[in-house]
Amino acid sequence: MFIPHTESETGEMLKALGLKSIDELFEDIPDKYRFPKLDLPPALSEMEAFSMVQAISQSNESTQDLICFLGAGAYNHYIPAVVDAVISRGEFFTAYTPYQPEISQGTLQAVFEYQSLIAALTGMDVSNASHYDGATACAEAGVLAFHHFFGKRPRIVISPSLHPHYRETMRTYLQGYADVDIVGDESGVNPLLHPDQLVSKVDESTSLVLVQYPDFFGRIFDLSSLAESVHEKGALLGVAVNPLSLGLLKPPGEFGADIVVGEGQSLGIPLSFGGPYLGIFATRKELVRKLAGRLVGESVDQQGRKGYVLTLTAREQHIRREKSTSNICTNQGLMALASAVYLSSLGKNGMRAVANLCYQKAHYAASQIARVPGFAVLDDVPFFHEFIVHCPDSVEEINLHLLDHGILGGYDLGCDYPTLKNHMLIAVTEMVDKEDIDLLTEILGEAHHG
Amino acid sequence: MQTPSDLKYSKTDEWVKLDGSIAVIGITDYAQEQLSDVVFVEVPFAVGDAATKGKQCATVESVKAAAEVNFPVSGEISEINEALSSTPELLNTDPFGKAWIVKVKIKDAAELGDLMDAAAYIKYCEGRH
């Protein structure tokens, strides 16, 4: 609740400052800038304003109007109606993080179910109640690893095929840690290198090696030998996942990951221009006390009735004060709930079916695009639902041409990787059908000739 | 409250028992009572690391709070009680015995002079109520 100052409080503060009025606080700003004349049209009624804003919004084109082949970390999936129906319930929709957790049994149970589902999906022992998004979850993995070794292993090795935004966020988040040195993705490094090649950067001062699976380019590598090498050096292996792909792929817990993070948007959360999304964070049991955020557990009360409790918040500032290692006292509660509803409505078979549809459609698209003269698909490594296409012209121009035909083209990799100029990252989900893919290949063919 | 008379005490509730040049360090009965059920103990050091008087030596987490344990003396860590990582509840049941936290080979025995004896510590604790 916001409580404004009373007149007498304002008076007291002014007196302490030796001022007569609030206006005197702003005297340093020249008059003409303090109250500039705004060139505004006459006021509109609610009905007129609604109609005007609607007209403006109609010039947007969304994934509902276009055939979408854009992914690069945010994917256009079908969201069953039950997801919105559940999360729109007032009890969930308006509630903020439970500061008096025991009376918020519904919220705690939802978080508990979410944690259980994420742990099962990733093959890990524990999941926290979530972070803001995939990028902040990656950064928290860095924080966890740093503190796990008590700051004695300041080096973090990240793969160049980890999402560029995740890498940027990690550097921003960890800039206050004077000793932390993030290496592995330097500008001269081949962005398409095999993850095993990262081993050369791992030394006795390395706390964490973080790779993506499938990687930013959609590629799937067997990471078990990397896990072994990383563990030989005494470091932790972090794996950033697209959770939807785990409907098909081996979960990282089965090949030696110590920390699994990821962007949970693909689990029933709309694209929504970049947020709110969901940061997945799961670890092995040994790291549970280093887990940032909160962990909800199931218990029984004095009379033996099932209940939910906030079991661990070991890193947070309300329990650790200035020694806390995380300032995330909240979590993406509503988005975590959305993903839990999505996962439970699909079930194991449904998850597998969606992942398989994405995989099959992407592979059909890749095989068709490979036939278009001038275009080449980089498919030397197995991929999930996203792949690299080498284009004969600039990606920007091709995408403009595709947009004219109602197609949202792939991601321009040249933006982040100078050596991948004229390379497009194409994502295919269950939302496109064969006709859409055939239209894409047809227009690509025209684009080249035209 | 137990306060063995052969120990020295710090204002931050650590005890020290001198065994030759080795200082055995733990937390007091008073401290464990304040914390209630201890669920986790962590010593962020290895044998051979330097111990600095007044700096953090361990973290003790209970169901109520997390507390820092400080080195009451300086020197070199000679042993760490590994049993506490699997059985942290020892801090509640036997704070002056099995629940010692670290052993430090001390540099300067004169540092012990800054610590309280049992009688002074009892008085100090009473003053905090």
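Start with chain B: 36% of its 129 residues count as buried. Buried means 20 or more other C-beta atoms within 10 Å of the residue's own, exposed means 12 or fewer, and partly exposed is in between, with C-beta atoms placed from the backbone.

A word on the source. This is a predicted model: local features need pLDDT of at least 70, side-chain atom pairs count only at pLDDT 80 or more, and totals for chains, interfaces and linings use all residues. Residues are numbered from 1 along each chain as its sequence is written, while chains are lettered from A and ligands numbered from 1 in the order in which they are written.

Back to chain B. It has four helices and nine strands. These are DSSP runs, numbered from the N terminus: helices are H or I, at least four residues, and strands are E, at least two. From the N terminus, the order in chain B is β-β-β-α-β-β-β-β-β-α-α-β-α. The radius of gyration of chain B is 13 Å, close to the 14 Å from the globule rule for 129 residues, so chain B is as compact as a globular protein of that length. That radius is taken over C-alpha atoms, and the rule is 2.2 Å times the number of residues to the power 0.38. The C-alpha atoms of chain B fill a box of roughly 35 × 35 × 20 Å along the principal axes.

Now contacts. Two residues are in contact if their C-beta atoms, placed from the backbone, lie within 7 Å. In chain B, 67% of the contacts with a separation of 6 or more join residues 24 or more positions apart.

Zoom in on B:T28. Where is it? In the loop between β3 (22-27) and α1 (29-35) of chain B. B:T28 is buried, with 23 other C-beta atoms within 10 Å. Beyond its neighbours within four places in sequence, B:T28 contacts B:Y9, B:D13, B:W15 and B:P95.

Over to chain A. Here we have 13 helices and 15 strands. Of its 450 residues, 43% are buried. Its C-alpha atoms fill a box of roughly 80 × 60 × 50 Å, again along the principal axes.

Next, the cores. A nonpolar core is a set of buried Ala, Val, Leu, Ile, Met, Phe, Trp, Tyr and Cys residues joined through C-beta atoms within 7 Å. The largest has 117 residues, and A:C138, A:V209 and A:L210 touch the most other members. Helix α11 (residues 333-369) of chain A gives the largest share, 17 residues. A second, separate core of 32 residues includes B:Y9, B:A31, B:V41 and B:I101.

Take A:V209. Which residues does it touch, not counting those up to four places away in sequence? They are A:V157, A:L198, A:V202, A:V230, A:A235, A:L237 and A:G238.

A:V230 brings us to helix α9 (residues 224-232) of chain A, where the buried residues are A:L226, A:A227 and A:V230. They cover an arc of only 100 degrees around the axis, which puts them on the same side of α9(A). The arc is that of the directions from the helix axis to the C-beta atoms. These buried residues pack against β5 (206-213) and β6 (236-241) of chain A. On the other side of α9(A), A:S224 and A:E232 are exposed. Just after the helix, A:G234 takes a positive phi of about 80 degrees.

That's the tour. Questions, please.
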